[in-house]
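Let's take a friendly walk through a protein model. Keep the picture beside you as you read.

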Amino acid sequence: MAKSPKSGQVKTRLSRDIGYGKATSFYRHAVARLLKRLGKDPRWHTTLAVNALPSERYACWPRALNRIYQGSGNLGDRMGFIFCQLHPHPTVIIGTDSPQLEPRDIATAFRALGRHDVVIGPANDGGFWGIGWSQRQAAPDLFKDVRWSTEHSMADTLRSLPAAATVNMLSPHIDVDERADFVALRQQFGPFRYGPWNINKF
């Protein structure tokens, strides 16, 4: 899932910490990095779900990559819409807040969906970097009453799952929303470069 990479419309919390220009630049490079590393892997089919008009094009969105509209409403509404569009295929949805994700993270998620109904990748802020649904059964109340953008997001999501659903927890990752997250990312993975600038400068 990705938003149109426009200043003031992406990374709003990060923008307050490091400025709109740097936050938007980070977002664009993070999206480009993720799609470059994950988008061409032959083990799965990558679809970019965006909140943009079909005519919108950006350098960080590869033209060859299939795109769909992610729908409207809150995050849960939009993820539910994406799952419906891609039904009945096992689907893993990730955002763009964890640019350190590697192909092995996605491969692990799909392997786990062979044995479980749901996989969730926890994030450091109480949310999650990704969620996968086997789509073997319907989930009409998935994401119901979830308090998005809070430390309760993942716990609420787990409570919204059908009682019989089996869940596999994936490896946790840092979700970059604030300047402090850059520090945590650097401590865990070392310096990261996105285009012409370095997160250590923040």
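## Before we start

Two residues are in contact when they have heavy atoms within 4.5 Å of each other. This is a predicted model, in which local features need pLDDT of at least 70 and side-chain atom pairs count only at pLDDT 80 or more, while totals for chains, interfaces and linings use all residues. Residues are numbered from 1 along each chain as its sequence is written, and side-chain values use heavy atoms, with hydrogens and water left out.

D117 sits in the loop between α4 and β4. Helices (H or I, at least four residues) and strands (E, at least two) are DSSP runs, numbered from the N terminus. Beyond its neighbours within four places in sequence, D117 is in contact with G132, W133, S134, R136, Q137, A164, A165 and T166.

Is D117 buried or exposed? It counts as buried because its relative accessibility is 8%; buried means under 20% relative accessible area, exposed over 50%, and partly exposed in between (1.4 Å probe, protein chains only). A polar atom of the D117 side chain lies 2.9 Å from the backbone nitrogen of T166.

## The sheet and its helix

Look next for an open sheet of four strands, in the order β3-β5-β4-β6 with mixed pairing. Its edge strands, β3 (91-94) and β6 (167-169), each pair on one side only. Two strands pair if DSSP finds at least two bridges between them. Strands β4 (residues 118-122) and β5 (residues 128-133) run antiparallel and are joined by five bridges. Which residue of β5 is the bridge partner of V118? That partner is W133.

Helix α4 (residues 103-113) lies across β3, β4, β5 and β6, and runs at about 145° to β3. For such angles, axes are lines fitted to C-alpha atoms, for helices over the stretch in contact, and values run from 0 to 180 degrees between N-to-C directions.

## The nonpolar cores

A nonpolar core is a set of buried Ala, Val, Leu, Ile, Met, Phe, Trp, Tyr and Cys residues joined through side-chain atoms within 4.5 Å. The largest one has 20 residues, and M79, F83, I93, F128, I131 and F143 have the most contacts inside it. Helix α3 (75-86), β4 and β5 each supply at least two residues of this core. A second, separate core of 14 residues includes I94, A109, A112 and L170.

Not counting residues up to four places away in sequence, I93 touches M1, M79, I82, F83, W129, G130 and I131.

How values were computed. Polar contact = N/O pair within 3.5 Å; in protein donor to acceptor, adjacent residues only side chain to side chain.
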